[in-house]
Amino acid sequence: MNLRLVPDNTNIKFLGMRKVALAFSMVMILASALLFFIRGLNYGIDFQGGVDLLVQSQEGNADIPKIRSTLSSLGLGDIKVKEFGDPTDAMISIVRQPGGSEAQNNALNLVRDTLSKEIPTLKMGEADVIGPSVSGELKQKGTIAVTIAVLMVLIYIWFRFEWQFGLGAVIALVHDVLLTIGFFSITQLEFNLSIIAALLTIVGYSLNDTVVVYDRVRENIRKFRKRELEDVIDMSLNQTLARTIMTSVTTLLALFALFFFGGPSISGFTAAMIWGVFVGTYSSVFVASPMLVFLKVRSETLIHDDDDNDPTVDKSRPSPFEQF
């Protein structure tokens, strides 16, 4: 038996809801911007600077709660302890201490001495000191990476379709990234390098959804040349709805499994991805597609003289207008 999450031949008027969706998206983007400037992000050690120390238990698995409670009384601020790789290994992240390199080394030595005394079965491993210049460089490179990805998307879609499609896709991607920033601001989940990877993955996921819909829109514009653009977009969204929902549900099943059973080291990444799948699916339907109407896509630009010889154009199927 075939699993169907969406009934056949749906006829939902998505574009009829575009003004409500636009208002909702504007409110969400504004709220995200306000949260970012007022509340900020909980930058991880990658962006804030500090010390990473790897430890390994010589007897059984690393006792994360005990390590955390042992270090909590040292007065070094927020110290994060998480499993790293094997269950016997743990990564201790010490937030950057006021002062120069001497202050960071003193904090590292204090942590090492305390752990060696309280938990003798722990073996001290390598330590990495991340300075403010490195963390600032990471912020800059992360921003550049996301910006370049979005610009490349604009160029790719522009060449593949028309400039309105490219601009619509980029607006949808920027919408997704801004709402993800707002999500991290309100939840105060740690924002680290893995979240940059998640943002780039969300851009790819959302773009894939958008291109599938755009492909169908272009195909239907060429098939139903005399039909109104809004009708063509609604029809394309309904035709791709089953694929969109099935892809999102199966992706979410995998991500929720990783979130609940994958451990704290990837919880931030999977949380960002879960949010990104919801936002990306929403934006491909309610942001990217209505943009084609707002940007006044003209069907004439997508119909070429050689379409009469194009086997992908179904000329045997008359448009509703031709049936009158």
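This note goes through a predicted model point by point, from the sheet to the cores, the rings and a few single residues.

1. The sheet. Four strands make up an open sheet, and their order across it is S3-S4-S2-S5. The pairing is antiparallel. At the edges stand strand S3 (79-84) and strand S5 (122-130), each of which pairs on one side only. On average, neighbouring strands of this sheet are turned by 20° against each other, direction ignored.

2. Strand S2 and its partners. Strand S2 covers residues 50-57 and strand S4 covers residues 86-95; the two pair in the antiparallel sense over seven bridges. Within this pairing, Gly50 is placed opposite Val95 of S4. S2 also runs antiparallel to S5, and seven bridges join these two strands. Here the bridge partner of Gln56 is Lys123 in S5. S2 is mostly covered, with six of its eight residues buried.

3. Helices on the sheet. Helix H4 (residues 101-118) lies across S2, S4 and S5, and runs at about 165° to S5.

4. The largest core. Which residues have the most contacts inside the largest nonpolar core? They are Ile157, Phe165, Phe191 and Ile233, in a core of 51 residues. The elements that give two or more residues to this core are helices: H5 (132-160), H6 (163-187), H7 (193-223), H8 (229-261) and H9 (267-294). H7 gives the most, with 13 residues.

5. With neighbours within four places in sequence left aside, Ile233 is in contact with Leu15, Val217, Ser289, Leu292 and Val293. Another core lies apart from the largest one and has 19 residues, among them Val51, Ile79, Val81 and Ala90.

6. Thr240. This residue is found in helix H8. Is Thr240 buried or exposed? Thr240 counts as buried, because its relative accessibility is 4% and the cut-off for buried is under 20%. Leaving aside neighbours within four places in sequence, Thr240 is in contact with Val212, Val213 and Arg216.

7. Aromatic pairs. The structure holds eleven aromatic pairs.

8. Tyr43 and Phe191. These residues also form an edge-to-face aromatic pair, at 6.1 Å centre to centre and with 90° between the planes. The pair links distant parts of the chain, with Tyr43 in strand S1 (residues 42-43) and Phe191 in strand S6, 148 residues apart. Tyr43 counts as partly exposed at 26% relative accessibility, while Phe191 counts as buried at 6%. Phe191 is also one of the residues with the most contacts inside the largest nonpolar core. Ring pairs link Tyr43 and Phe191 with Phe183, Phe184 and Trp275 into a cluster.

9. Charges over rings. Where does the charged end of Arg227 sit? It sits over the ring of Phe224, 5.9 Å from the centre of that ring. Arg18 lies over the face of Phe294, at 5.9 Å from the ring centre.

10. Gln188. The backbone of this residue deserves a look in the model: phi of Gln188 is near 60°, which is a positive value in a residue other than glycine. Gln188 lies in the loop between H6 and strand S6 (190-191). At 26% relative accessibility, Gln188 counts as partly exposed, because that class lies between the limits of under 20% for buried and over 50% for exposed.

Terms used:
Residues are numbered from 1 along each chain as its sequence is written. This is a predicted model: local features need pLDDT of at least 70, side-chain atom pairs count only at pLDDT 80 or more; totals for chains, interfaces and linings use all residues. Side-chain values use heavy atoms; hydrogens and water are left out. A nonpolar core is a set of buried Ala, Val, Leu, Ile, Met, Phe, Trp, Tyr and Cys residues joined through side-chain atoms within 4.5 Å. Buried means under 20% relative accessible area, exposed over 50%, partly exposed in between (1.4 Å probe, protein chains only). Contact means heavy atoms within 4.5 Å. Two strands pair if DSSP finds at least two bridges between them. Axes are lines fitted to C-alpha atoms, for helices over the stretch in contact, and angles run from 0 to 180 degrees between N-to-C directions. Rings of Phe, Tyr and Trp (its six-membered ring) pair if their centres lie within 6.5 Å; planes under 30 degrees apart count as stacked, over 60 as edge-to-face and the rest as tilted. A charge sits over a ring if NZ of Lys or CZ of Arg is within 6 Å of the ring centre and within 35 degrees of the ring normal.
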